Amino acid sequence: MIASTIENRDDLIRYLNAAMALEHGTIPTYLTAYYSIRSTTNSDAAHIIRVAAVEEMLHLTLVANVLNAIGGEPDLTRPGFVPSYPAYLPDGESDFTVDLRHFSPEAVETFCKIERPGRAPSADERLVKTPDDRTPLMVSSPTTEGMRFYSIGEFYEEIIEGLEKVAADDPTLFRGDPARQMGPEYFYSGGGDVIVVSDVESAQRALRFIAAQGEGLDSGIYDADGELAHYYRFRQLQLGRYYQAGDSPDAPSGPALRIDWDDVYKVKTSARLADYPAGSELARVARDFNADYAAFLALLTKAFNGQPELLQDAVCEMFRLRDGFNRLICNPLPGSGGLHAAPTFEIPAETGPDPLASAGAGETPRVVT
């Protein structure tokens, strides 16, 4: 049996911080595809992607509850929290990267790879070597240099087992302030409830829920609440048909989905600020969007650190970013061969929990209230 990479509370905190970065890291790629869909078109696909993005917020909240329960401090404003796209997920196979791209067969293929079930052949093969190239990882083993996990599900299994091990050695592990826990009254997604965490059992239940809802552990097409796992929701877009009870994984038999792959704004994949003409209006709008997104992360950080009532505002704010998306996505990007602009999600390194204090020179962030 492979030795645990989690030996103490500090190791757990490092893993849970990495889990928060992982859960968040899928949100920009889902939102980019979602907002690239032209208004009033592809309603089935838009709904599926939107629900997945909201449920990633639920996963982020559950990890924050576990982190708070053991006395950690969630911080979504720390440098490097938002990955530099394209980025690798911690899968053992380096067959894909997570990009920011418009709704397309390629985007949906990436979504399925993000959410695909994946158990290591054995416990000894849970950790694998990181690739030798320089493409950044969304998350790897926080305690074992040069190693990453076979799948997201195996990453969570490591935390689940580590919690039990550390709690057995440290009776005071769950020392966090209960007032920092998010309860179901602060978040509603229709795809599961927030779990208040106070001990090993509730912490493991929260993490297993994340895995079962689509983050890599194969619990079947439907989870315990009768909801489709994310992987199978996205497979519907590939197969062109909804699942219904009794279907096998590769043969949905429900109503057909109507998809028009051309009815989208085709954006430059994983655009960067350097792609925008210096001094242009598009460059200014892209910088403004990044400031708005930094403020959104700051709002979440406040919610997870003693102001839980702000969480509902944050979920709404994620979709109030629509204006910033549209101001970019609806406009061609000069020199890109007819492709359109898109947010870059490049957050200034100096961003902190106070968005006013973290503005770059010449930038005025929009304070989220």
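This is a predicted model: local features need pLDDT of at least 70, side-chain atom pairs count only at pLDDT 80 or more; totals for chains, interfaces and linings use all residues.

**Entry 1: backbone.** I started in the loop between helix 7 (230–239) and helix 8 (281–304), where Ser270 sits. Ser270 is not a glycine, yet its phi is positive, about 50°. Buried or exposed, I wondered about Ser270? Its relative accessibility is 9%, so Ser270 counts as buried, the cut-off being under 20%.

I then looked up Thr40, another non-glycine with a positive phi, this one about 70°. Thr40 belongs to the loop between helix 2 and helix 3. With a relative accessible area of 80%, Thr40 is exposed.

I also noted a cis peptide bond between Tyr85 and Pro86, with omega at about 5°. Pro86 is found in the loop between helix 3 and helix 4 (105–115).

**Entry 2: salt bridges.** How many salt bridges does the structure hold? I get 14.

Glu7 pairs with Lys165, and their closest N and O atoms are 2.9 Å apart. This pair links distant parts of the chain: Glu7 is in the segment before helix 1 (9–25) and Lys165 is in helix 5, 158 residues apart. Both ends count as partly exposed, Glu7 at 43% and Lys165 at 30%.

Arg101 and Asp99 meet in a salt bridge at 3.3 Å, N to O. Here Arg101 is partly exposed at 23% relative accessibility, while Asp99 is buried at 10%.

Back to the loop that holds Ser270. Glu346 and Arg272 form a salt bridge at 3.2 Å, N to O. Arg272 lies in that loop between helix 7 and helix 8 and Glu346 in the segment after helix 10, so the pair ties together parts 74 residues apart in sequence. I have Glu346 at 22% relative accessibility, partly exposed, and Arg272 at 25%, also partly exposed. I also wrote down one network, in which salt bridges with shared partners join Glu281, Arg284, Asp288 and Arg327.

Entry 3: I finished with the largest pocket, which has about 260 Å³ of space. It is lined by 15 residues, and the closest to its centre are Tyr34, Ile37, Arg38, Ser39 and Arg322. Which helix gives the most to the lining? That is helix 3, with four residues. Helix 2 (27–36), helix 3 (43–69) and helix 10 (322–329) each supply at least two. By type, I logged six nonpolar, six polar and three charged lining residues.

Conventions. Residues are numbered from 1 along each chain as its sequence is written. Side-chain values use heavy atoms; hydrogens and water are left out. On a 1 Å grid over the protein atoms alone, a cavity is a set of points where a 1.4 Å probe fits but cannot get out, and a pocket is an open set with protein on both sides within 12 Å along at least five of seven lines; lining residues have an atom within 4 Å of a point. Grid points are joined across faces, edges and corners, and a volume is the space filled by probe spheres set on the points. Ala, Val, Leu, Ile, Met, Phe, Trp, Tyr, Cys and Pro count as nonpolar, Asp, Glu, Lys and Arg as charged, and the others, Gly among them, as polar. Buried means under 20% relative accessible area, exposed over 50%, partly exposed in between (1.4 Å probe, protein chains only). A salt bridge is a side-chain nitrogen of Lys or Arg within 4 Å of a carboxyl oxygen of Asp or Glu.
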